[in-house]
Every structure is written in structure tokens, then in C-alpha cells.
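I set out to record what I looked up in this structure, entry by entry. The sequence and the model come first.

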Amino acid sequence: MKLALVYPLAALAEIGGCFAFWAWLKLDRSPWWLAPGVLSLIVFAWLLTLVPAETAGRAFAAYGGVYIVASLAWMALVEKTTPDRWDVIGGAVCLIGAAIILFGPRA
């Protein structure tokens with residue numbers, strides 16, 4: 001699976017899984033929300049194993065930037081809260097950092 005697809009899908013799976021717990025604990029939703037939430041978190045972990053990095057830490061660190069931007073998109077699309085300019089700038093900085101971590105030249 002291509003990296004351009006793995007990280008966004010992993011972010012969606014992680015955010016969806018975490019939101020299920022958020023909904024249960026903070027929004028008083030049914031505990032049944034936890035079943036798809038746990039499944040989603042399992043898919044998230046599996047997807048990160050598909051990242052072509054020589055160490056898990058590097059794959060996870062680079063994923064962090066994608067996660068931040070995906071969280072801002074979730075906030076806009078699902079929670080109907082528009083990210084402000086500082087959210088957008090911060091997300092861009094994080095993506096640049098993720099790219100440096102993942103694609104930087106190694107000795």
C-alpha cells in the first residue's frame with residue numbers, strides 16, 4: 001500500500017477509534033461505541049506496520065505530523081469547528097517536520 005494512503009488511513013482509524021472512547025466517556029454515548037472503536041484502533045496499529053521505515057520510532061514520529069493535520073480536518077468536518085490560522089500554520093509545520101523525519105537523507 002502506498003505511503004500516501006497508509007498514513008491518512010491510519011489517522012482516520014486512530015481518530016475514529018479514539019473518538020469512540022471520547023463519545024462514550026464525554027458525550028454519554030452507549031458503551032457499544034467501544035466495539036468499533038477497538039476494531040478501528042487495531043486497524044490503525046496494523047496500518048502503521050506497512051510504513052517503509054527501518055525503525056518503528058521513525059515511522060511513528062513521521063506519522064505524528066499527519067495525525068495532527070488529520071485531527072484538524074476531523075475538527076472541521078465532524079465537529080463543525082473551523083481551524084483558525086494558527087491551527088493551519090501549526091499543521092503545516094508538523095507536516096514539514098514529518099517529511100524531514102521520513103525522507104531525510106540517512107548515513
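This is a predicted model: local features need pLDDT of at least 70, side-chain atom pairs count only at pLDDT 80 or more; totals for chains, interfaces and linings use all residues.

**Entry 1: two helices.** I looked up how helix α1, residues 3-26, lies against helix α3, residues 56-77. Their axes come within 9 Å and cross at roughly 65 degrees. I noted the crossing of α1 and α3 as right-handed. I then listed the residues that meet: the α1 side includes Y7, P8, L12, I15 and F19, and the α3 side includes A59, Y63, V66, Y67 and W74. Sorted by class, this contact of α1 with α3 has 14 nonpolar, two polar and one charged residues.

**Entry 2: S40.** Is S40 buried or exposed? I found a relative accessibility of 16% for S40, and it counts as buried because the cut-off for buried is under 20%. S40 belongs to helix α2, which covers residues 34-48. Setting aside residues up to four places away in sequence, I found that S40 touches L12, A13, G16 and G17.

**Entry 3: V69.** I placed V69 in helix α3. Its relative accessible area is 28%, and I recorded V69 as partly exposed. Which residues does V69 contact, leaving aside its neighbours within four places in sequence? I found G91 and L95. I also looked up V69 and G90: they are 21 residues apart in sequence, and their C-alpha atoms are 8.7 Å apart in space.

**Entry 4: charged pairs.** How many salt bridges does the structure hold? I counted one salt bridge. The side chains of R58 and E54 form it, at 2.2 Å from N to O. I checked the accessibility of both partners: R58 is partly exposed at 23%, whereas E54 is exposed at 58%. As background, I noted that side chains of opposite charge can pair when their charged atoms come close.

**Entry 5: cysteines.** I searched the whole structure for disulfides and found zero.

Methods: Residues are numbered from 1 along each chain as its sequence is written. Side-chain values use heavy atoms; hydrogens and water are left out. Axes are lines fitted to C-alpha atoms, for helices over the stretch in contact, and angles run from 0 to 180 degrees between N-to-C directions. Helices (H or I, at least four residues) and strands (E, at least two) are DSSP runs, numbered from the N terminus. A crossing is left-handed if the near helix is turned anticlockwise from the far one by less than a right angle, and right-handed if clockwise. Contact means heavy atoms within 4.5 Å. Ala, Val, Leu, Ile, Met, Phe, Trp, Tyr, Cys and Pro count as nonpolar, Asp, Glu, Lys and Arg as charged, and the others, Gly among them, as polar. Buried means under 20% relative accessible area, exposed over 50%, partly exposed in between (1.4 Å probe, protein chains only). A salt bridge is a side-chain nitrogen of Lys or Arg within 4 Å of a carboxyl oxygen of Asp or Glu. A disulfide is a pair of cysteine sulfur atoms within 2.5 Å.
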